[in-house]
Amino acid sequence: MPTRHEKGGILLELFIATFILVTFTAGAARIHAAFRSRFERIVQERNEAIRAIRR
Amino acid sequence: MDKLPSKLCSAWYLPSSSRSPRPSSCGKASANAAGSINNSRHPTGRSCETCAENGFLLALLLPILVLLGFFLLGTIGFTERAQARAALQARLDVCAVKLAAARERFYFRLAKANEGVEATKVAIYAARAAMLIPGAGEAAAAGQQELLALNATLAAAEDGLWMEAATAELSRLRCAPSGYSRESAACLVSPLLSGALQRQKTLFPDVRGTLVHLAPGNSLARVHCTGLAHAVATGLEVRGDPALRQLQGYTDAYTP
């Protein structure tokens, strides 16, 4: 049986692992959202420019 | 304590006073931490399971972190590159449409101007034919002079329109940078407007004919814009009748 301190250590490691994974996922999601929004702006500005030229 | 533990196995979070002596097999177990967990019993009877688990978690966490970091950096780099291509492609599309639309507008205006030149040409022919009729000669001659002046004026206006459009086209060949794309990009129009037209011959050298397209066929111009940094390009083709009586707009040159 692990001692109380060892249990604490395992929990701490699990917490660190979870924190890193959650932070990574949240960061990746934010980066993805930023790229997506930028891409949408590029396409939107292109379409608007072409529409303005054709008008 | 001298046989204790590699750093993976040592319970670094424990105060030194609370550390219990580890069996010598513990260090080995954690050294190959990702491998099998050594559950063998130490001569003292104490299990090494917990120790190996701690090492296992730490040993697992570090490679995962490194892998995630590489994955994240790789994905960001790849996405940035893909987005730069998309931005350049959008910019090239806009530049190509600008050139094709300008060419189409010019042909439309020229077709209208051609109608005037054509009308004066026909009227001059009629006036010169009327000059042969006895009695109508003087009036026809006077009218013919007016028509000749009008024909020359309209033709000169066409030439001016042509030169203006050709100069504007040259200035548009350098595809200007956009907010998202700053790489070098350039366009090519084939044939260039300055050499794309010729004036039709008439029955009389002093009468000026209409401006028509030199190249036969339905293709009036091909616009090709390309980026130098990425291998992306946009091609458009302006179509219509070479006599410019009928314009069919511009289409994607890559679509058959």
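This is a predicted model: local features need pLDDT of at least 70, side-chain atom pairs count only at pLDDT 80 or more; totals for chains, interfaces and linings use all residues.
Figure 1. Start with the whole chain before zooming in. Chain B is built from three helices and six strands. Of its 256 residues, 30% count as buried. Now look at contacts between residues at least 6 apart in sequence: in chain B, 58% of these join residues at least 24 apart.

**Figure 2. Where chain B meets chain A.** How many residues does each chain bring to the contact? Chain B puts in 25 residues and chain A puts in 22 residues. On the chain B side, sorting by class gives 17 nonpolar, five polar and three charged residues.

**Figure 3. Helix H3 of chain B, end to end.** Helix H3 covers residues 137-172, which makes 36 residues. From first C-alpha to last, H3 reaches 52 Å, close to the 52 Å expected at 1.5 Å a residue. Which residues of H3(B) are buried? They are Gln144(B), Leu147(B), Asn151(B), Leu154(B), Ala155(B), Glu158(B), Trp162(B) and Glu169(B). Here's a handy thing to keep in mind while you look at that list: an α-helix has 3.6 residues a turn, so residues three or four places apart point the same way.

**Figure 4. His224(B) and its contacts.** You'll find His224(B) in strand E4 of chain B, which runs over residues 219-227. Is His224(B) buried or partly exposed? It counts as partly exposed, because it has 18 C-beta neighbours inside 10 Å and a buried residue needs 20 or more. Leaving out residues up to four places away in sequence, His224(B) touches Cys187(B), Leu188(B), Ala233(B) and Gly235(B). For a sense of scale, Thr251(B) is 27 residues away from His224(B) in sequence and 12 Å away in space, C-alpha to C-alpha.

Figure 5. Most residues other than glycine have a negative phi, and most peptide bonds are trans. Now for two spots to check. Pro191(B) sits in the loop between strand E1 (185-190) and strand E2 (197-199). The peptide bond from Ser190(B) to Pro191(B) is cis, with omega near -5°. Leu244(B) counts as buried because 22 C-beta neighbours lie inside 10 Å.

Notes:
Residues are numbered from 1 along each chain as its sequence is written. Chains are lettered from A and ligands numbered from 1 in the order in which they are written. Helices (H or I, at least four residues) and strands (E, at least two) are DSSP runs, numbered from the N terminus. A residue is buried if 20 or more other C-beta atoms lie within 10 Å of its own, exposed if 12 or fewer, and partly exposed in between; C-beta atoms are placed from the backbone. Two residues are in contact if their C-beta atoms, placed from the backbone, lie within 7 Å. Ala, Val, Leu, Ile, Met, Phe, Trp, Tyr, Cys and Pro count as nonpolar, Asp, Glu, Lys and Arg as charged, and the others, Gly among them, as polar. The expected span of a helix is 1.5 Å times one less than its number of residues.
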